[in-house]
Amino acid sequence: MKTLIRNGTVVNATGRGLADVLIDGEKIAAVLAPGANLLGFDVAANVDRVIDARGKYVIPGGIDAHTHMEMPFGGTQASDTFETGTRAAAWGGTTSIVDFVVQYAGENVLDQYQKWQQKAAGECAIDYGFHQILSDVQDTSLTAMDELVDEGVSSFKLFMAYKGVFLSDDGQIVKAMQRAATNGSMIMMHAENGSVIDLLVQQAVAAGNTSPVYHGVTRPWQAEEEATHRAIMLANLTGAPLYIVHVSAKQAVDQIAQARDTGQNVFGETCPQYLYLSLEDNLGAPGFEGAKWVCSTPLRAKAEGHQHHMWQSLRTNDIQMVSTDHCPFCMKGQKDLGLTDFSKIPNGIGSVEHRMDLLYQGVVDGKISLERWVEVCSTTPARMFGMYGQKGVIAPGADGDVVVYDPKGHTSIGVEQTHHMNMDYSAWEGYEIDGHVDTVISRGKVVIDDFAYLGTKGDGRFIKRGLSQYLI
């Protein structure tokens, strides 16, 4: 198939301009001046499909570099499968995800990687890659890190929280960082002081404070800032690149900014929930409603200004990109496991379908520029995790991952409105977006068009990633 997208405004991270985009098979073949005859023939008359993007933005497909499809957690598992989750992502203009292979203590890292490859194979609607979670850093884990880098899995996530589940001690973290410093991989860190949190949770439950709001109260910003600082110091010691996931506290941002100002390879991601949602309005909702927004790191207090600071950090590049940490659970049968004890509520929010829209609303509201929207949602994820050139840009030779976005359109988010994730509620119920995803093309195939899903499971392919292209 040859597809021509014409009359649109092409937006890359480096700028925008009127241009026609020619996709030949799975790749972008040319970016041309509107109506140009540089190829020696009438392009529109020699393609299989013409998409008129007049008055619309033509952007590289979104890349969500932090998702958890089918993730086992808290006695249940994330409600989105690789099929349902990637289909929902496509509806929202995301054409690639990077999910997490889970390894619990005692499990073989490479065996777990093969399990996740089998889970995803033939199921995904869009392209997918993997990060590897390390929870038990033994000598075999270090050898596996080298092997996985060769396989195209060039990033490894460790946890400073969840004792007995994922938590690694500082010595284990240093061993993984030392290996990353030699093989060029990226260390990703869940930065919260788990010991402090566990104590505060025990004290809250013992005092009878069991409602969802205490999930946030017992995971204070100080625990996030301290762990972020500690992770930065360990990375400084070892020389490993460090990427802090789901940053929610402004104090943690300041730790990242200080490290970056000294030239250290330290990076941060935030998520839509930390830009829009809050401890007061969401976790503190009446009754058990706050369970809908239980995630870790937790939603922060609006009165403390965390949300404003997150938007500011995106403008100043103290935070480099926005992922979702998509880890959905239904209220019935999953979130309600913690009906009488907030500590038993599965941690996670579903957002993979709405990230592009929610961040575009930031453009409309003057919080980020149009180019920055593309940068934090597509280009930087591609560069950060070794996909740039193939993904994250509209340029000849790149994959034909393209979204036509209508700034004059409108999107109403809600279970009865725009909702394709496998969940019985929406964390974004009632949000109104001044824009709309019109057409989504994944490797040259139109998968969303005219309010219809045209893709199939198995359309997506595994992305063999290289090393980070974002290092100083």
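1. Across the boundary, 29 residues of domain 1 are in contact with 25 residues of domain 2, contact meaning heavy atoms within 4.5 Å.

2. On the basis of the values: this is a predicted model, in which local features need pLDDT of at least 70 and side-chain atom pairs count only at pLDDT 80 or more, while totals for chains, interfaces and linings use all residues. Residues are numbered from 1 along each chain as its sequence is written, and side-chain values use heavy atoms, with hydrogens and water left out.

3. The largest pocket has a volume of about 410 Å³. Of its 19 lining residues, Phe73, Tyr162, Asp198, Arg219 and Ser343 are the closest to its centre. A pocket here is an open set of points on a 1 Å grid over the protein atoms alone, with protein on both sides within 12 Å along at least five of seven lines; a cavity is a set of points where a 1.4 Å probe fits but cannot get out, and lining residues have an atom within 4 Å of a point. Grid points are joined across faces, edges and corners, and a volume is the space filled by probe spheres set on the points.

4. Helix H5 (residues 194–206) contributes the most to the lining of the largest pocket, with four residues. Helices (H or I, at least four residues) and strands (E, at least two) are DSSP runs, numbered from the N terminus. By class, that lining holds nine nonpolar, six polar and four charged residues. Ala, Val, Leu, Ile, Met, Phe, Trp, Tyr, Cys and Pro count as nonpolar, Asp, Glu, Lys and Arg as charged, and the others, Gly among them, as polar.

5. The second largest pocket holds about 210 Å³ of space. Trp91, Thr411, Thr418, His436 and Phe451 are the closest to its centre among the 16 residues that line it. Strand E17 (411–412) and strand E19 (436–442) each supply at least two lining residues, and E19 has the largest share, with three. The lining of the second largest pocket divides into four nonpolar, nine polar and three charged residues. Domain 1 and domain 2 each provide at least three residues of this lining.

6. The structure holds one cavity of 30 Å³ or more.

7. Tyr113 lies in helix H2 (residues 109–120) and is buried, with a relative accessible area of 2%. Buried means under 20% relative accessible area, with a 1.4 Å probe and protein chains only. Beyond its neighbours within four places in sequence, Tyr113 is in contact with Val101, Phe130, Gln132, Leu148, Glu151, Val153 and Phe462. The C-alpha atoms of Tyr113 and Val153, 40 residues apart along the chain, are separated by 9.5 Å.

8. Ser278 sits in the loop between helix H9 (272–276) and helix H10 (279–283). Ser278 counts as buried at 2% relative accessibility. Not counting residues up to four places away in sequence, Ser278 touches Leu283, Leu299, Arg300, Lys302 and Gln307.

Definitions and conventions: Buried < 20%, exposed > 50% of the residue type's maximum accessible area, 1.4 Å probe, protein only. Domains from an automatic or database assignment.
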